[in-house]
Amino acid sequence: MPEPLLTTDLGGIPLTARGKVRDLYALNDSELLFIATDRISAFDHVLGSGIPGKGKILTQISLFWFEFLKDVVPNHLIAEDAVSAPTRALLAPFAGQIAGRSMLVRRAKMFPVECVVRGYLSGSGWKDYLATGAVCGIALPSGLRESDKLPEPIFTPAAKINTGGHDENISFAQMVEVVGLDTADELRRLTFAIYAKASAYAASKGLILADTKFEFGEADGRIVLADEVLTPDSSRYWPASTYAPGGPQQSFDKQFVRDYLESVRWNKQAPAPSLPGDVVLRTRQKYMEAFRLLTGREDLA
Ligand code: Q0Z
């Protein structure tokens, strides 16, 4: 088992943003380098242990979806594995931190809205529905149960809250105030189109894509799909074989982690615990299983 990559350091190359699990570097005015580390979060904290290979697995899943969706929406990807591009000589010394887990992307002007689409009632959508009968101002039929399939997918945007805090669900009208009507309409249209194609494909592989979120930006006057796409970190995947509405569903990827954290009665305050070896190993296997199901490939690279 390789050591998990928990943090990156590219020498003099400036770090633009460090997320819970991803590091973003500015290469020049027009290009960024995304690196997916092996960090894992649960209950809103980064845990003390990483999952070896997780960043590679999630990067390969993102790359699969960018390719699969390129006829639906253009994206920010320039190249995977920036190390191999001859013009990237400056990255060569850092190949060990980059290979298989990085994406060279076009810098875009990001829209400050998460484009969330839900086909099923779960998470904050379920909480909103319980409290108000609606999600992001979209009224739903009464009597729905947790994890029920919705009559049709709903678009439930969220405003990005900087660092740490949860994104806040907003109405479509509030989104319009932020990005304008034409852009809001187009982002919603693209979000539904992507979800329709991706959820049908996932279903053909035995996976329910319960919900997911996209981030879009603008580059050269065009809307592009940015960030990571349809990874287990940005999406709820459920195995179709065990789907049972009327309560929460098991997480495809993080269930062993959550079960362990509940078993040790962690108070969900920093510092987050480390994970025992068997939880790390079984979780890695779940990520690999998602990779195999979605991409049809047996192994990374
Ligand atoms: C994405 C994020 C991460 C922390 C900025 N193509 C783009 N152009 C400009 N900005 C971004 C992108 Cl993807 C951008 N994030 C989210 C990613 C670590 C935060 F790896 N922030």
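Between which two strands does the loop that holds Cys136 lie? In this predicted model, Cys136 sits in the loop between strand E10 (134-135) and strand E11 (138-139), and the views below begin with that residue.

View 1. Phi of Cys136 is near 55°, a positive value in a residue other than glycine. At 11% relative accessibility Cys136 counts as buried, because this value falls under the 20% limit. Asp44 also has a positive phi, near 70°, and is likewise a residue other than glycine. Asp44 is placed in the loop between strand E4 (41-42) and strand E5 (45-46), where, with a relative accessibility of 43%, Asp44 counts as partly exposed.

View 2. The side chain of His76 has an N or O atom that is 3.0 Å from a nitrogen atom of the ligand. On its own the ligand has 470 Å² of accessible area, of which the protein covers 83%.

**View 3. Aromatic pairs, with Phe64 and Tyr201 in detail.** The structure holds 13 aromatic pairs, and one of them is formed by Phe64 and Tyr201, whose rings are tilted, with 5.4 Å from centre to centre and 35° between the planes. This pair links distant parts of the chain, since Phe64 belongs to helix H1 (residues 54-68) and Tyr201 to helix H5 (residues 181-204), 137 residues apart. Phe64 and Tyr201 are both buried. Ring pairs also link Phe64, Trp65, Phe68 and Tyr201 into a cluster.

**View 4. The aromatic pair of Phe155 and Phe172.** Phe155 and Phe172 form an edge-to-face aromatic pair, with 6.4 Å between the ring centres and 70° between the planes. Phe155 lies in strand E12 (residues 149-155) and Phe172 in helix H4 (residues 172-179), so the pair ties together parts of the chain that are 17 residues apart in sequence. Phe155 is buried, with a relative accessible area of 4%.

**View 5. Asp211 and its partner Arg236.** Asp211 is found in strand E15 (residues 207-219), and at 6% relative accessibility Asp211 counts as buried. The side chains of Asp211 and Arg236 are joined by a polar contact of 2.5 Å. When neighbours within four places in sequence are left aside, Asp211 is in contact with Val117, Arg118, Ser122, Ser235 and Arg236.

View 6. Thr231 is placed in the loop between strand E16 (222-226) and strand E17 (235-239), and Thr231 is buried, with a relative accessible area of 0%. Not counting residues up to four places away in sequence, Thr231 touches Leu58, Ile61, Ser62 and Tyr237. Thr7, by contrast, is found in the segment before E1 and counts as partly exposed at 47% relative accessibility. The side chain of Thr7 makes a polar contact of 3.3 Å with the side chain of Arg18, and, apart from neighbours within four places in sequence, Thr7 is in contact with Arg18, Asp23, Arg39 and Gln97. Thr7 and Val21 are 14 residues apart in sequence, while their C-alpha atoms are 8.9 Å apart in space.

View 7. Glu262 lies in helix H6 (residues 255-263) and is partly exposed, with a relative accessible area of 44%. Leaving aside its neighbours within four places in sequence, Glu262 is in contact with Phe43 and Lys268. Pro271 is placed in the loop between H6 and helix H7 (277-295), and the peptide bond from Ala270 to Pro271 is cis, with omega near -5°.

Note on methods: Residues numbered from 1 in each chain as written. Predicted model: local features only at pLDDT ≥ 70, side-chain atom pairs only at ≥ 80, totals over all residues. Heavy atoms only, no water. Helix = DSSP H or I, 4+ residues; strand = E, 2+ residues; numbered from the N terminus. Buried < 20%, exposed > 50% of the residue type's maximum accessible area, 1.4 Å probe, protein only. Contact = heavy atoms within 4.5 Å. Polar contact = N/O pair within 3.5 Å; in protein donor to acceptor, adjacent residues only side chain to side chain. Areas by Shrake-Rupley, 256 points an atom, 1.4 Å probe, with all protein chains shown as cover. Phe/Tyr/Trp six-rings, centres within 6.5 Å; stacked < 30°, edge-to-face > 60°.
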